[in-house]
Amino acid sequence: MTPTHLPGRVAIPALPTVLDAFNIAPADEARTLLLTCLRSLRWADRITAHRPYPDAPALLAASDEAAYDLTPADLSEALAGETLTTLPDETYDIAHMALDAAHAAYEAKFGHAFVICLEGLKPDEALDHVLAGIRSRLTNDPEEERVVAWEELRQLAKARLLEVLRGAGNRATSPNGAAPGK
């Protein structure tokens, strides 16, 4: 009989990780979880279908690959699921009024919520980043803006997936504060 551990040491089984749970979850549960990161059925189905993932970088790479393959209709579906960006509570009322007006102008021009990934920003930088982003992106033509919005959604999906893997709350936000992210 071969020993399973060294003398004096007890073999401790590895605890399952969030990724392990994701890899073995039923497909409908995995898909539901993924849709909290990016509201595209095609994106969620592709990532679900290619499980199991050996590690977080492999899952994030699959997220990018699936996002790159989104059609214009898929992008519209994902954008329709986004809401206004969540900002710190301390943000002044006047700033909220400016932000509301900027969001309204953006939605009137492009027909969907403004999305932006705030991952890595300090909370006190979020408002300026969002306002500057809306102002600069309002100058885009609709096709150019779809490309920019798509890239922001791709970044949001990755940030949200990382939060899910960490088992923590959402730090990346989109103009929707609803699901992990925006």
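How many residues does α8 have, and how far does α8 reach from its first C-alpha to its last? Some notes on that and on the helices around it follow.

1. Ground rules. This is a predicted model, where local features need pLDDT of at least 70 and side-chain atom pairs count only at pLDDT 80 or more, while totals for chains, interfaces and linings use all residues. Residues are numbered from 1 along each chain as its sequence is written, and side-chain values use heavy atoms, with hydrogens and water left out.

2. Helix α8. Helices here are DSSP runs of H or I with at least four residues, numbered from the N terminus.

3. The ends of α8. Just past α8, Gly-167 has a positive phi of about 75 degrees. For background, most residues other than glycine have a negative phi, and most peptide bonds are trans.

4. α4 against α8. Helix α4 (residues 56-68) and α8 (residues 142-166) have axes that come within 10 Å and cross at roughly 155 degrees. Axes are lines fitted to C-alpha atoms over the stretch in contact, and angles run from 0 to 180 degrees between N-to-C directions. The two helices are therefore roughly antiparallel (that label needs an angle over 145 degrees; under 35 is roughly parallel, 65 to 115 roughly perpendicular, and the rest oblique). Among the residues that meet are Leu-59, Leu-60 and Tyr-68 from α4 and Trp-150, Leu-161 and Leu-165 from α8, contact meaning heavy atoms within 4.5 Å. By class, the contact of α4 with α8 has ten nonpolar, one polar and three charged residues.

5. α3 against α4. Helix α3 (residues 41-49) packs on α4 at about 140 degrees, with the axes 9 Å apart, and the pair is therefore oblique. On the α3 side the contact uses Trp-43, Arg-46 and Ile-47; the α4 residues include Leu-59, Ala-62 and Glu-65. The tally for α3 with α4 is six nonpolar, one polar and two charged.

6. Pro-52 sits in the loop between α3 and α4. A cis peptide bond joins Arg-51 to Pro-52, with omega about 5 degrees.

7. α2 against α3. The axes of α2 (residues 27-35) and α3 come within 9 Å and cross at roughly 130 degrees, which makes α2 oblique to α3. Ala-27, Ala-30, Arg-31, Leu-34 and Leu-35 of α2 take part, and partners in α3 include Leu-41, Trp-43 and Ile-47. This contact of α2 with α3 has eight nonpolar, one polar and two charged residues.

Note on methods. Nonpolar A, V, L, I, M, F, W, Y, C, P; charged D, E, K, R; others polar.
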